[in-house]
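The following paragraphs lead through selected features of one structure. Please keep the sequence and the coordinates at hand while reading.

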Amino acid sequence: EASSAAAGMLAAQVEAGDAGTRAVYVAARDAYPAFADELRVATGLDIGWRRSGALALARTEEELARLEALVHDQRAQGLPAELLDTPARVASLEPEISPLYLGAAHYPDEAQVDPPRLLRALVAAVARAGVRIRSGTSVASLVVERDTCRGVLTERGETIHADVVVLAAGSWSSLVPGVPASLPKVRPVRGQLAQLDERPPALRSIAFDGHAYVVPRGDGRVVCGATTEHVGHRREVTAGGVQQILASAIAIAPSLANAELTSTWSSFRPRVERASGETDALVGRSPVPGLFLATGHYRNGILLAKATGDAVAAEILSSS
């Protein structure tokens with residue numbers, strides 16, 4: 001759900017708030033070039049990986065000072081980052097960015113993929129590896145026997161036995177019967193997005209303004225987002241949501257006002273709710289033997305996709 005609807009940003013340095021998280025995110029981002037090559041060799045499909053760089057924009061002196069501190073911290077960590085401390089310096093990199101921004105942090109190694117292409121390549125790769133995919137088959141419940149997860153029961157009454165079950169149901173993860181009640185709940189947070197078509201393409205870098213962003217694909221498509229709405233599983237695209245997205249995108253790059261609006265969509269980010277307020281994803285072993293977790297990645301599911309798969313696979317193999 002969220003995977004197919006995501007913007008596909010591999011924005012490790014923009015998204016991470018502290019040095020420890022940043023190291024994990026950067027490693028996940030930097031694994032993507034080899035991952036893209038691996039999928040291309042296995043399937044012949046291109047997932048749209050490209051190193052486009054990213055700008056985190058500042059409207060106020062306070063925001064610019066915060067970006068300056070972040071750039072300093074990241075450079076101390078050995079990461080490429082540069083403070084563009086005037087509108088002219090921002091314009092020298094991206095002329096279409098609004099001159100109302102006082103400056104920006106530039107992260108040249110940030111990248112992106114095209115999520116629908118990534119999912120098609122993954123489906124093709126695992127199918128060629130012998131994995132059987134049951135599309136459109138819902139899980140009615142986990143099958144737990146003697147305190148161990150032994151498989152799943154489908155909505156059709158069929159029991160699928162398995163040595164290992166991985167819970168990767170996104171924002172529906174807490175709704176699967178049999179999931180341990182002791183686990184933090186995973187809640188849906190709706191995000192609406194819009195795609196514009198600007199030809200010839202004017203932007204090259206991903207650009208962030210708070211929670212708003214524009215992601216130029218390089219071929220004229222520009223993905224703009226996103227709302228953050230706690231409305232349950234209501235899959236709607238609203239007039240107010242589209243207005244908010246377009247206003248934010250045009251504020252970032254005024255030339256986008258002349259771009260064609262080609263599509264809008266929405267889906268649900270899976271956000272973990274803990275009493276502590278932390279929202280880290282649920283990855284690895286669960287309290288129930290035989291059940292492993294890969295859910296709750298909120299805004300960074302695409303970025304952490306391969307890293308999560310590797311981590312869960314390692315946990316499974318070490319437990320067998």
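This is a predicted model: local features need pLDDT of at least 70, side-chain atom pairs count only at pLDDT 80 or more; totals for chains, interfaces and linings use all residues.

Two or more lining residues come from each of helix 2 (12-15), helix 3 (19-30), strand 2 (54-58), helix 5 (61-76), strand 11 (206-209) and helix 9 (305-319). Helix 5 supplies the largest share of this lining, with five residues. In total, 35 residues line the second largest pocket, and those nearest its centre are E15, A16, G17, Y25 and N300. Sorted by class, the lining of this pocket comprises 16 nonpolar, 11 polar and eight charged residues.

Attention may now turn to strand 7, which spans residues 148-154. Strand 7 is mostly covered, with five of its seven residues buried. Strand 7 pairs with strand 6 (residues 139-145) in the antiparallel sense, over six bridges. Within this pairing, L142 has V152 of strand 7 as its bridge partner. The two strands form a hairpin with two residues between them, and R146 in the turn has a positive phi of about 50 degrees.

Strand 7 also pairs with strand 8 (residues 159-161), again in the antiparallel sense, here over three bridges. V152 takes part in this pairing too, with I160 in strand 8 as its bridge partner.

Technical notes
Residues are numbered from 1 along each chain as its sequence is written. Side-chain values use heavy atoms; hydrogens and water are left out. On a 1 Å grid over the protein atoms alone, a cavity is a set of points where a 1.4 Å probe fits but cannot get out, and a pocket is an open set with protein on both sides within 12 Å along at least five of seven lines; lining residues have an atom within 4 Å of a point. Helices (H or I, at least four residues) and strands (E, at least two) are DSSP runs, numbered from the N terminus. Ala, Val, Leu, Ile, Met, Phe, Trp, Tyr, Cys and Pro count as nonpolar, Asp, Glu, Lys and Arg as charged, and the others, Gly among them, as polar. Buried means under 20% relative accessible area, exposed over 50%, partly exposed in between (1.4 Å probe, protein chains only). Two strands pair if DSSP finds at least two bridges between them.
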